[in-house]
Amino acid sequence: MSTTFEVATEGAGVMTASDLEQENAFEGTVGDHTVKDARMECRGVDVYYGEKRAIRNVSLDIGKREVVSMIGPSGCGKSTFLRCLNRMNDEIPGCRVTGTIKLDGVEIYDKKLEVVPLRAQVGMVFQKPNPFPKSIYENIAYGPRIHGIANNKAELEELVEQSLHKAGLWDEVKDQLDQPGTDLSGGQQQRLCIARTISVSPEVILMDEPCSALDPIATAKIEELIDELRENFSIAIVTHSMQQAARVSQRTAYFHLGDLVEVGETNQIFTSPNHKLTEDYITGRFG
Ligand code: ADP
């Protein structure tokens with residue numbers, strides 16, 4: 001049988017003979033999916049869209065003060081997995097998540113758990129910067145206000161400034177806080193969205209291809225920022241750029257057709273992968 005893999009395209013949902021071969025052949029994740037200092041622990045996670053299973057039996061820890069990148073061909077389930085981590089898949093009709101996902105030891109899919117505070121604890125930065133159609137100041141102040149984080153105007157102003165500092169944007173925008181966030185450049189908008197995420201004191205920041213709409217200079221700034229943010233947050237990033245994964249992350253998870261094929265130290269994954277599928281992907285044989 002052919003060993004070439006047809007890359008699944010977004011929404012394709014059609015399995016090729018070689019996909020089926022892979023499905024039957026998969027024997028479990030290679031590498032240690034656990035870390036000593038876990039912030040999030042995912043075990044046996046399956047996600048279905050209707051009848052179709054998009055990821056199966058994924059177990060992975062997200063450690064404190066680390067960046068974990070998720071790589072793999074388009075359609076392999078990276079974003080689906082990422083969205084599980086703050087129950088973003090709840091918004092998709094027909095989507096079902098099974099398995100367990102814990103944040104600081106608490107099951108996030110517990111029916112009693114409120115989703116709004118969870119999404120502050122596990123914030124998300126999207127592919128396309130999505131500032132609110134409001135001023136720069138209001139983009140940041142909104143979250144702390146609705147979560148009751150700042151007690152008065154002075155505290156709120158302080159929080160806005162701190163968040164913009166941490167996102168490396170303060171110096172560029174401090175004199176135009178009343179201007180629309182949407183007037184900023186793409187890279188600045190993305191840093192504004194990161195500042196907005198930070199403003200509600202998350203523990204984990206999820207990033208879904210945060211640089212794919214940005215030019216190389218803006219991308220470099222975001223990558224530097226990710227490295228700085230790691231000191232205070234756990235970060236899980238989906239990226240289609242292997243170079244980016246190598247630059248920003250300490251651990252890398254390789255997904256293929258809904259399976260977490262291999263996970264390990266980023267350096268090991270890119271220099272001496274232990275699974276043939278990982279090797280094929282990083283050497284450009286497919287994907
Ligand atoms: P990746 O992020 O690796 O490109 P996705 O997580 O977006 O992969 O998709 C994994 C699989 O789930 C794909 O087959 C995709 O078509 C399917 N999928 C993703 N989102 C939806 C959705 N909202 N409804 C139905 N199927 C979806």
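**A quick tour of a predicted model**

What covers the buried residues of helix 7 includes strand 6, helix 4 (136–146), helix 5 (153–166), helix 6 (170–173), strand 7 and helix 8 (216–229). Here, buried means that 20 or more other C-beta atoms lie within 10 Å of a residue's own, exposed means 12 or fewer, and partly exposed is in between, with C-beta atoms placed from the backbone. Helices (H or I, at least four residues) and strands (E, at least two) are DSSP runs, numbered from the N terminus.

This is a predicted model, in which local features need pLDDT of at least 70, side-chain atom pairs count only at pLDDT 80 or more, and totals for chains, interfaces and linings use all residues. Residues are numbered from 1 along each chain as its sequence is written.

**The whole protein**
- The protein has 11 helices and 10 strands.
- Its radius of gyration is 19 Å, close to the 19 Å that the globule rule gives for 287 residues, so the protein is as compact as a globular protein of that length. This radius is taken over C-alpha atoms, and the globule rule is 2.2 Å times the number of residues to the power 0.38.
- The C-alpha trace spans about 65 × 45 × 35 Å along its principal axes.
- Of the 287 residues, 41% are buried.
- Two residues are in contact if their C-beta atoms, placed from the backbone, lie within 7 Å. Among contacts between residues at least 6 apart in sequence, 69% join residues at least 24 apart.

- Helix 7 (residues 186–198) is mostly covered, with 12 of its 13 residues buried; among them are L192, C193 and I194.
- At 1.5 Å a residue, the 13 residues of helix 7 should span 18 Å, and its end C-alpha atoms are 18 Å apart, which agrees. The expected span is 1.5 Å times one less than the number of residues.
- The largest nonpolar core has 66 residues, and those with the most contacts inside it are L85, V204, L206, I235 and A236. Helix 7 gives the most to this core, with five residues. A nonpolar core is a set of buried Ala, Val, Leu, Ile, Met, Phe, Trp, Tyr and Cys residues joined through C-beta atoms within 7 Å.
- Leaving aside neighbours within four places in sequence, I235 is in contact with V67, I205, M207, I226, L229 and R230.

- An open sheet of six strands runs in the order 6-7-8-3-9-10, with mixed pairing. Strand 6 and strand 10 (259–265) are the edge strands, each pairing on one side only. Two strands pair if DSSP finds at least two bridges between them.
- Strand 6 (residues 122–125) is covered on both faces: V122 and M124 on one side, and G123 and V125 on the other, are all buried.
- Strand 6 pairs with strand 7 (residues 204–208) in the parallel sense over four bridges, and V122 stands opposite V204 in strand 7.
- Strand 3 (residues 67–71) and strand 8 (residues 234–238) also pair in the parallel sense over four bridges, with M70 opposite V238 in strand 8.

**Two residues with positive phi**
- Most residues other than glycine have a negative phi.
- D104 is not a glycine, yet has a positive phi of about 50°. D104 is found in the loop between strand 4 (95–103) and strand 5 (106–107), and is partly exposed, with 13 other C-beta atoms within 10 Å.
- E209 is not a glycine either, and has a positive phi of about 45°. E209 lies in the loop between strand 7 and helix 8, and counts as partly exposed, with 19 C-beta neighbours inside 10 Å.
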